[in-house]
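Visitor: Could you show me how to read salt bridges and burial in a model such as this one?
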Amino acid sequence: MSISVHVALLSGRSIDLTISQESTVDELRLQAQLSLKVGLERLVTESGVILDGRAPLSSCRLPSSGATLTAHVRQAQLQSSALAFALLRSDGTVATWGNAIDGGDSSSVQDELKDVNQLQSSLHAFAALRSDGSVITWGRIGDGGNSQALQNQLRDVKYIQASSRAFAAIKADGSVVTWGDEMYGGNCRALKDQLKDVQGIQVSRWSFGAAFAALRRDGKVVSWGLPHAGGDSSGLKAQLTNVKEIQATKFGGVMPHCSFAALRLDGSVVTWGIPRSGGDSADVQDQLHDITEIQSTENAFAARRGTDGAVIAWGGERDGGVLPTDLGLRDVVRNLGLQSVLRIQATSKAFAAIRSDGTVASWGDQDAGGESGYVQEQLINVQYIQASSLAFAALRSNGTVVTWGTPHAGGDSAAVQDQLRDVTAIQASRHGARGSFAALRADGSVITWGDPGSGGHSTLVEGKIMVWGLLLTQDFFRGKLWKIIWEYIYIYIYHNIILKSLSEQRPQEQELLFIVVEATYLRP
């Protein structure tokens with residue numbers, strides 16, 4: 001017996017289909033996808049129920065005629081390992097490029113990379129989650145690129161999280177499966193009995209170790225991985241109860257910045273990990289009550305109290321772990337409501353807080369947005385702040401935008417300032433040591449600025465690829481600039497630059513070409 005189904009997109013486009021009741025929801029979704037010529041992630045009933053893709057239509061209690069379903073379009077995603085990229089297209093297929101060992105070559109699994117909903121990446125491998133709950137991996141074997149031995153377990157997966165060299169998957173039943181390097185969280189077998197009813201996983205990572213922290217439905221926390229990086233929270237078992245949210249320090253490259261902060265239902269905070277990176281909050285523990293929000297940089301945390309808007313910070317001083325006395329943030333406790341903070345935002349090394357009067361205070365690394373003194377007169381009536389890796393962008397009530405921080409990461413918007421009017425929303429890319437912003441205007445146009453390789457060039461539109469590079473000859477290494485060149489190499493090796501030797505083509509000059517390949521996907 002067949003049923004008639006009306007499948008509609010949020011944009012208003014729709015299609016009427018006739019299909020057998022014995023077909024599955026996924027078969028209906030794929031048929032609608034072909035007809036509408038757009039990748040569809042899920043189907044939702046008029047009452048808001050998300051249909052299980054494997055369920056037969058006969059079990060979904062749909063009327064035999066006139067059933068209406070809303071289709072959610074699959075969004076494109078760009079993920080990067082250390083030296084390669086993977087692009088999830090809206091049709092659910094995946095394109096890869098870059099260093100083959102680091103996941104740039106997915107030819108061995110290309111036939112399986114279909115109907116993909118999520119991509120995750122470690123430093124040297126990728127994992128793709130398909131609509132049917134299966135997982136496909138490729139890249140360096142020891143870093144999570146080979147999950148063949150676990151394929152029987154990697155079924156009904158709902159979400160994947162990644163550390164530097166390992167992956168963790170949450171299954172529909174709340175259990176967790178891990179693979180990859182054990183020092184980076186790739187082995188949780190010893191905690192199998194505790195990892196149940198998991199609803200979310202956070203990761204704290206650096207280049208030489210990492211840890212995962214899983215939040216269970218009952219509010220308890222289970223962690224594993226490198227012990228001193230937060231992988232061992234067993235000593236805090238009694239405190240890690242009634243947890244509603246976990247925050248982790250951001251990826252810190254080769255520096256050991258790995259810590260977690262757990263926000264409990266009563267507003268208290270429990271921390272663990274590397275002490276100097278926020279893993280030890282003893283000095284401010286008496287202030288950590290009635291907390292409603294926690295944000296992090298690579299090396300510090302900042303928490304906001306809901307009762308008085310006070311901000312408490314701890315961790316590395318340079319990265320925002322200490323509040324300067326001239327910010328007016330500490331005075332909030334004594335002047336309730338006068339300068340109370342409404343929300344906090346963070347780059348990789350600095351924080352910015354919006355006060356209730358619409359002004360902004362920032363602290364932390366000056367080059368990463370911690371210094372906003374030169375734009376303070378403009379920072380009024382601020383409603384929202386967005387952050388790239390090293391810069392902030394504030395949206396004012398009149399639709400204008402104020403930026404500060406590292407210029408090439410979006411901290412300088414002078415070139416597009418005349419166009420930044422009637423802005424309704426801002427998004428940011430956080431790409432290693434670079435970054436960019438995109439502002440949506442009321443007329444539907446998009447204005448971008450920042451690093452071109454991270455989407456900061458508005459002439460790069462859907463489907464186009466940009467290539468740029470720097471040619472280094474042997475003469476550079478003979479000169480006095482070798483330290484600068486080495487720093488350049490160091491930063492980009494850890495932030496997704498593709499290194500290609502041209503020695504076969506021009507061996508006499510022994511040249512190295514650094515090529516950055518980025519795919520920018522801007523949807524109207």
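Guide: What follows takes the chain as a whole and then turns to charged pairs.

Guide: This is a predicted model, in which local features need pLDDT of at least 70, side-chain atom pairs count only at pLDDT 80 or more, and totals for chains, interfaces and linings use all residues. Residues are numbered from 1 along each chain as its sequence is written, and side-chain values use heavy atoms, with hydrogens and water left out.

Visitor: How many helices and strands does the protein chain have?

Guide: Helices (H or I, at least four residues) and strands (E, at least two) are DSSP runs numbered from the N terminus, and the protein chain has four helices and 34 strands.

Visitor: How many salt bridges does the structure hold?

Guide: Side chains of opposite charge can pair when their charged atoms come close. A salt bridge here is a side-chain nitrogen of Lys or Arg within 4 Å of a carboxyl oxygen of Asp or Glu, and the structure holds 14. One of them joins arginine 29 to aspartate 115, with the closest N and O atoms 2.5 Å apart. This pair links distant parts of the chain, 86 residues apart, since arginine 29 sits in helix α1 (residues 25-36) and aspartate 115 in the loop between β7 (94-98) and β8 (116-121).

Visitor: Is arginine 29 buried or exposed?

Guide: Buried means under 20% relative accessible area, exposed over 50%, and partly exposed in between (1.4 Å probe, protein chains only). Arginine 29 is buried because its relative accessible area is 1%, and aspartate 115, at 16%, also counts as buried.
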